[in-house]
Amino acid sequence: MTTIQTPEALATLPAPRDLVATLPVYSTAGGTVPPRWRASSNESFRPPSPAVLAAIDAAARRCQRYPTLQGEPLISALSSDLGVAAAQIVAGGGSLAVLQQLLTAFAGPGREVVFAWRSYEAYPILVRLSGAQDIPVPLTAGHGHDLPAMAAAVTADTAAVILCSPNNPTGTVLGAAEVEDFLAGIPAHVVVVLDQAYIEFADDAEASSRQSLALLAAHPNLVLLRTFSKAYGLAGLRAGYLVSHPSIAAAVRAVSPPFGLNAVAEAAAVAALADTGALAANVSTVREGRIALHAALASRGLALPDSGGNFLWLPVGEGSAALEAACLAQSVSVRSFAGEGVRVTVGSRDAEAAVLRGVDAWLAGGRV
Ligand SMILES: *Cc1c(COP(=O)(O)O)cnc(C)c1O
């Protein structure tokens, strides 16, 4: 194919909307050769369980058919699992897709969306994509959400606030009481999203899930966002959902593309939800690794926050790039945010050991 590249021809090409040029680019792990271990994307360290693989296989064998329109079988399984009405759940192709639909329905040009920063790097992309303005509020010195500052950032133009707990990439956790106090200070017409992508890894996961679901009754502006990508280990298939007041859910459903949850992902998510043994095993392996790696890093003199996720945050500032390079030299990828820190996924004992070798080399080299 010949591409037309004269300045005249380029000037007449269709121009995307102006906001397209303002979108931040989602980062990828560094390194030019595939590392032996991946500790860079908060993926599960373990492939799907036999029960989930069987469901995937069965669904793949009939994938000439369309999936259900809205993911009804998954919604019904979630409804009984969580004890909420099906009308309160919207399922989609990953929680990011659901968040994008939520922002499409509730944010948009002239509106603002407040979130902590640093937090999940997809937020500014999705907020700007909706046409709204992103309002990042710096984290506290302890790497957690500065809730008073976030409440103060809410204006008449605010469409939504996004809370992330455990926060990606710092791992800090917001307690149910903190979220409740925060909600009490936010106008009822502002959507408050609580992104709980890592909730299953928290020390008191079941209690915190129950407590956050209980907040929905008194706070119809609250939206809980959850995913099958992390503790359930289905990142590659894309399945996630929100739980909210039925009228918010209805608006999100109205803007969702039909068939947004593919049939294989849906079957896998339903099977993963039922395989409570596999979930418990994944979570306990992650928790053990998190405790051990945190202790090993702290014993080397590194100050790092406690994490409720399947990852740890090393706030090494300007040392981030060198630490990432030292880890890659041990054939383990990590996620570096230049000038801020490095996020390390836990779960694989081999990957954790390789990260420690990388950290030791980095410390021996004077952190540069
Ligand atoms: C990984 C992650 C998600 C998951 O997104 P999916 O689209 O469900 O894979 C959402 N939020 C946060 C904070 C994450 O880290």
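A residue is called buried here when its relative accessible area is under 20%. By that criterion, in this predicted model, helix H3, which spans residues 72–82, has Leu74, Ile75, Leu78, Ser79 and Leu82 among its buried positions. Viewed down the axis of H3, these buried residues fall within an arc of 140 degrees, so they line one face of the helix.

Several elements contribute to the cover over the buried residues of H3. They include two helices, H8 (205–218) and H10 (263–274). Strands E2 (89–92), E7 (222–227) and E8 (240–243) also take part in this cover. After H3 comes glycine 83, with a positive phi near 70 degrees.

## Aspartate 203

Aspartate 203 is located in the loop that lies between strand E6 (191–195) and helix H8. Is this residue buried or exposed? Its relative accessible area is 64%, and because the threshold for exposed is over 50%, aspartate 203 counts as exposed.

Leaving aside residues up to four places away in sequence, aspartate 203 touches Arg287 and Arg290. Arginine 287 is 84 residues from aspartate 203 along the chain, and the C-alpha atoms of the two are separated by 8.0 Å. With arginine 290, the side chain of aspartate 203 forms a polar contact of 3.0 Å.

## The three-stranded sheet

Three strands form an open sheet in the order E9-E12-E11, and their pairing is antiparallel. Strands E9 (311–314) and E11 (335–337) stand at the edges; each has a single partner strand, so one side of each is left without a neighbour in the sheet. On average, neighbouring strands of the sheet are turned by 20 degrees against each other, direction ignored.

E9 and strand E12, which comprises residues 341–345, run antiparallel and are joined by four bridges. Within this pairing, tryptophan 313 stands opposite arginine 343 in E12. Helix H12 (residues 320–329) packs on the sheet and touches E9, E11 and E12. The direction of H12 makes about 165 degrees with that of E11.

## Annotated region

An unreviewed UniProt entry carries the annotation "domain: Aminotransferase class I/classII large" for residues 47–348.

Note on methods: Residues are numbered from 1 along each chain as its sequence is written. This is a predicted model: local features need pLDDT of at least 70, side-chain atom pairs count only at pLDDT 80 or more; totals for chains, interfaces and linings use all residues. Side-chain values use heavy atoms; hydrogens and water are left out. Buried means under 20% relative accessible area, exposed over 50%, partly exposed in between (1.4 Å probe, protein chains only). The arc is that of the directions from the helix axis to the C-beta atoms. Contact means heavy atoms within 4.5 Å. A polar contact is a pair of N or O atoms within 3.5 Å; within protein, one must be able to donate a hydrogen and the other to accept it, and residues adjacent in sequence count only if both atoms are side-chain atoms. Two strands pair if DSSP finds at least two bridges between them. Axes are lines fitted to C-alpha atoms, for helices over the stretch in contact, and angles run from 0 to 180 degrees between N-to-C directions. UniProt positions are given in the numbering used here, feature names are shortened, and annotations may be inferred rather than shown by experiment.
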